[in-house]
Number of protein chains: 2
Amino acid sequence: MARVAEVSVSTVSRAFTVPDMVHPQTRRKVLQAAEELGYQPNRAARGLVTGRTGNIGVVVPDVANPFFSAVLKGCAARARGAQHVVFLADAAEDPRVEAEMVGAMAKQVDGIVLCSPRENSAELHRLVGTSPLVLVNRVEGGLPAVLMDSADGVRQAVEHLAALGHRRIAYLSGPAASWAGEERLGGLRAAAPACDVEAVELGPFPPTFQGGIQATDLALARGVTAVLAFNDLMAIGVLNRLAARGVSVPGQMSVIGFDDIEMASMTTEPLTTVQMPMEAAGRAAVDMLLDDPQPTTELQRWLPTQLIVRSTTAPLPAAPAATR
Amino acid sequence: MARVAEVSVSTVSRAFTVPDMVHPQTRRKVLQAAEELGYQPNRAARGLVTGRTGNIGVVVPDVANPFFSAVLKGCAARARGAQHVVFLADAAEDPRVEAEMVGAMAKQVDGIVLCSPRENSAELHRLVGTSPLVLVNRVEGGLPAVLMDSADGVRQAVEHLAALGHRRIAYLSGPAASWAGEERLGGLRAAAPACDVEAVELGPFPPTFQGGIQATDLALARGVTAVLAFNDLMAIGVLNRLAARGVSVPGQMSVIGFDDIEMASMTTEPLTTVQMPMEAAGRAAVDMLLDDPQPTTELQRWLPTQLIVRSTTAPLPAAPAATR
DNA sequence: GTGAAAGCGCTAACAC
DNA sequence: GTGTTAGCGCTTTCAC
């Protein structure tokens, strides 16, 4: 390459890294030679000497889960904008694999985004030594993190239902160990009394379609007029089971989900849901990893959630006029 | 590291790459020191000298699309099994980005899996020089590829409908440029006459929920008794529109989708669909990239598709007994 | 079985 | 502005 362009290797290097430092004419010569040869600087070799690889790692529990693939998409988009490539690790929901993958990527990336890590506190802190880390959807000690304000989402949902006249609603919780789940529960316990509604906490249930089915019968037995599910998948299960049991939505029962996976708006009854900004979270995480020159910046970045009202929520027929 | 273990760097290297070549006792010493220091060989540096990076690249048009995230998951799983890590590129449905990403990854990977590449033939062949390539869901010149037998899937679907007594069915085509679409059309044109059914080709439509809505009215106007949609997303749109227009499924109209994205089985009417082995395709692609010592192996790997019959297809009420 | 030395492709001083 | 040189962390001859 250097030979073809008739310059030294350093000039080639400079032409790519600090273009203003080489004579415009020389630069042209180099770039043209590169074009002909299809030459591109070897990023791995570059990383070896600069210490910066131009790669960022992303670890998710399951790529096929739309929640995580959305985060991943956000990461990929921002990484590309910053001329970085992303290293993906699918941890298959296994904490050990998670740690192992972080190790494997560590030396090859400038930082790692860990989505909803399943590992325990100690293990997590051990990994920090390996490579800069940013957590998504989990808080842990003093580690930088991107969080979504689930608690506020719950508040919005509860206020919405209360305004519609509902006075007794069920919350269907997801996995017990989930950080987001804790947050939501907290939000619920704060919002319910404030809105003068009674919250019936049910669960934990698996955060799946089946979990929703299972939860529905319990909710029905408790005489609530509205249901707030841990996520959209569960909410869709609820919708299904309610239909099967002849309960009309939103006539007899209002239903709200969480996450807003795309398909939730496509069911026969478009689902009222609390939207989680997953792509934005991915982007924010990469941002924190990359343009954080001074580590004194805010350690946690909170992203707002937003209630999207669709056709599965409606006023209670017997509800008094909203004058109050 | 070498100092801590009190051996030379070469011995450390050997302890990791050719363990049998070092004295068991020395090996223990090295491994133990590595454990203490949390040392792991730098894969990038290793790649520099061996020429093998231990990375494989995967580029998809859109990670958030469940079809591609499934393929990606397959790739990631197999890569991990082969001690490789995957480089992900989300091309954002843009052919130029696709090419650019291939270039960026080329020197850093042992091979690249290109999923449903949007680029033209010439560009694709140009990229081959950069790095070993395996295509998924597209055939192109003499390039190695993993394909799913869509044509056969259509045959199964048509046979199924024919056996149920349907004699006039609509096929809702997706994007005109899609290779898989061409395949399916071919399968349709072969299977329909053979099964004595009349196929009404409609479209192209966008391969989305909306596309399905749009297509439904056309299909209804053509007096068909069954519909075969380009993919599940469209099929769900169809289901929706049919419900809105008061057409009962499967009573008055049978509906079949393609892909089997997970959610298709969760709608109120679980969708009959032709299942595409997306994860398997990802695994196969990585296999072809990695354990292909002799490039004379089969160039194309065909994966079977399978019709999953669920509740959106049923016999035509007026259907004659299947004696014929 | 182990060490010394060369070199993978690149960047970063340091000269000129 | 440009060339020379050292060296990033590793593997791989080639000695011993």
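This is a predicted model: local features need pLDDT of at least 70, side-chain atom pairs count only at pLDDT 80 or more; totals for chains, interfaces and linings use all residues.
Chain B is brought onto chain A by a rotation of 180° with 0.1 Å of shift along the axis, and the RMSD is 0.2 Å. The two copies are thus related as by a two-fold rotation axis. Within chain B, Phe87(B) has the C-alpha nearest this axis, at 2.2 Å from it.

The contact between the chains involves 36 residues of chain A and 37 residues of chain B. Of the interface residues of chain B, 97% are also interface residues in chain A, so the copies meet through the same surface. The size of an interface is often given as the accessible area lost when the parts come together. For chain B and chain A the buried area is about 3,600 Å², with 65% of it given by carbon and sulfur atoms. Arg80(B), Met263(B) and Met266(B) account for 16% of the area that chain B buries against chain A, more than any other three residues.

Six salt bridges are found between chain B and chain A. One of the salt bridges joins the side chains of Asp62(A) and Lys73(B), with an N to O distance of 2.8 Å. On the side of chain B that touches chain A, at least two residues each come from α4, α5 (66-81), β2 (85-90), α6 (95-106) and α11 (232-244) of chain B. The element that gives the most to this side is α6(B), with six residues. By residue class, this side of chain B comprises 21 nonpolar, nine polar and seven charged residues.

DNA strand C is surrounded by 23 residues, and the closest are Ser13(A), Asn42(A), Arg46(A), Thr11(B) and Thr26(B). These surrounding residues divide into nine nonpolar, 11 polar and three charged. Sugar or phosphate accounts for 65% of the atoms of DNA strand C within 4 Å of the protein, and bases for the rest. Phosphate oxygens of DNA strand C lie 2.4 Å from a polar side-chain atom of Thr11(B) and 2.9 Å from a side-chain N or O atom of Tyr39(A). A base nitrogen of DNA strand C is 2.7 Å from a side-chain N or O atom of Arg14(B). In chain A and in chain B, α2 (9-17) and α4 (43-50) are the elements that give two or more residues to the surface near DNA strand C.

Definitions and conventions
Residues are numbered from 1 along each chain as its sequence is written. Chains are lettered from A and ligands numbered from 1 in the order in which they are written. Side-chain values use heavy atoms; hydrogens and water are left out. A residue is near a molecule or strand if one of its heavy atoms lies within 4 Å of it. A polar contact is a pair of N or O atoms within 3.5 Å; within protein, one must be able to donate a hydrogen and the other to accept it, and residues adjacent in sequence count only if both atoms are side-chain atoms. Helices (H or I, at least four residues) and strands (E, at least two) are DSSP runs, numbered from the N terminus. Ala, Val, Leu, Ile, Met, Phe, Trp, Tyr, Cys and Pro count as nonpolar, Asp, Glu, Lys and Arg as charged, and the others, Gly among them, as polar. Copies are superposed by least squares on the C-alpha atoms of residues with pLDDT of at least 70 in both. Contact means heavy atoms within 4.5 Å. Buried area is the accessible area (1.4 Å probe) that two parts lose on being put together, summed over both. A salt bridge is a side-chain nitrogen of Lys or Arg within 4 Å of a carboxyl oxygen of Asp or Glu.
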